[in-house]
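Here is a quick walk through a single protein model, written for someone who likes to know the cut-offs. Have the structure open as you read.

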Amino acid sequence: MKYGIFFMVVLTVLLFTTVGFTADVEIALEAELANVLQAPMEIADDEQASDGKYVWVEGEPAGHERDHQGWVEFIINIPEAGKYALWGHVIAWDGNSDSFWVTWQPADPNENAQQTQNKQFRWSVVHGNNWHWDRINHWLDEGTFDREWEFDEPGETVLRIGGREDATKLDAVFVTSDTDAVAAGQANVRLPTDADRKLQVEGLAVDAKGKVTTTWGSLKKAYK
Ligand SMILES: [Ca+2]
Ligand SMILES: [Ca+2]
């Protein structure tokens, strides 16, 4: 009997250890529930989008009238140190509406890429008129390469996705510690579920700071 309990404890510990070492961290975020929404980035409706909404800097396909303006910012609590990749659920009509600026602190510096135009932070979005997943890359002069971010410790991080070419659309973001996957199917990407949205909103309430609370108030109004 004593041994029975002993083995059950060992098995339980082994099981949790195995799960702990093999499971990827996966966080699904709704773009329109971002902690900060900076105009002219705005929330728009599309019944094909996750939860019926997405964010964009409104524009015509070849408009370029409001490039390099507006952003969404997500405060993401990552549960463990390590490398991470990001996927965006997007629409990019054409070559004039297919890019964003992306920084994720503290792995990236506190740099306003819309001002510095630093190509390290330039995301070339794969084209498509229907919602599709694209792994966030950096579009350098040498080509376009998948990005990964390394965090030395768990905790609060700040992801900013800023407008580069107007009319590029962002519906949702998927955070994963699987940095090897190059196709969405391999990366186990998912659109946010009700549980994900609840976590995104309530996680914010727990961590809210003055600035975020204010922004959230106005965003909630816009979201209704
Ligand atoms: Ca372009
Ligand atoms: Ca959405």
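This is a predicted model: local features need pLDDT of at least 70, side-chain atom pairs count only at pLDDT 80 or more; totals for chains, interfaces and linings use all residues.

## Starting at E148

Leaving out neighbours within four places in sequence, E148 is in contact with K83, Y84, A85 and T179, where contact means that the C-beta atoms, placed from the backbone, lie within 7 Å. The pair E148 and T179 is 31 residues apart in sequence, yet 6.6 Å apart in space, C-alpha to C-alpha. E148 is found in the loop between β11 (143-146) and β12 (149-151).

Residues are numbered from 1 along each chain as its sequence is written, and chains are lettered from A and ligands numbered from 1 in the order in which they are written.

The average pLDDT (the predictor's confidence in each residue, from 0 to 100) is 87 for the protein, and 81% of the residues score at least 70. Residues 206-224 are another story: pLDDT stays under 50 there, and the model has 15 contacts beyond four places in sequence for them.

## The overall build

The secondary structure comes to four helices and 14 strands; these are DSSP runs numbered from the N terminus, helices being H or I of at least four residues and strands E of at least two. Of the 224 residues, 33% count as buried. Among contacts with a separation of 6 or more, 76% are between residues 24 or more positions apart.

The largest nonpolar core has 45 residues, and A31, V72, V102, V173 and V175 have the most contacts inside it. Such a core is a set of buried Ala, Val, Leu, Ile, Met, Phe, Trp, Tyr and Cys residues joined through C-beta atoms within 7 Å. Elements giving two or more residues to this core include β1 (26-30), β5 (71-78), β6 (82-92), β7 and β14 (169-176). Which element gives the most? That is β6, with seven residues. As for A31, its contacts beyond four places in sequence are Y54, V55, V72, L170, D171, A172 and V173.

T103 sits in strand β7 (residues 99-105). T103 is buried because 23 other C-beta atoms lie within 10 Å. Beyond four places in sequence, T103 touches D108, E111, A113, F121 and R160. The C-alpha atoms of T103 and G162 are separated by 8.5 Å, although the two are 59 residues apart along the chain.

| Site | Feature | Loop |
|---|---|---|
| A39 and P40 | cis peptide bond, omega about 10° | P40: between β2 (36-38) and β3 (41-45) |
| Q105 and P106 | cis peptide bond, omega about 5° | P106: between β7 and α2 (113-116) |
| Q117 | positive phi, about 60° | between α2 and β8 (122-124) |

Q117 is exposed because it has 12 other C-beta atoms within 10 Å, whereas A167 counts as buried because it has 24 C-beta neighbours inside 10 Å.

Terms used. Two residues are in contact if their C-beta atoms, placed from the backbone, lie within 7 Å. A residue is buried if 20 or more other C-beta atoms lie within 10 Å of its own, exposed if 12 or fewer, and partly exposed in between; C-beta atoms are placed from the backbone.
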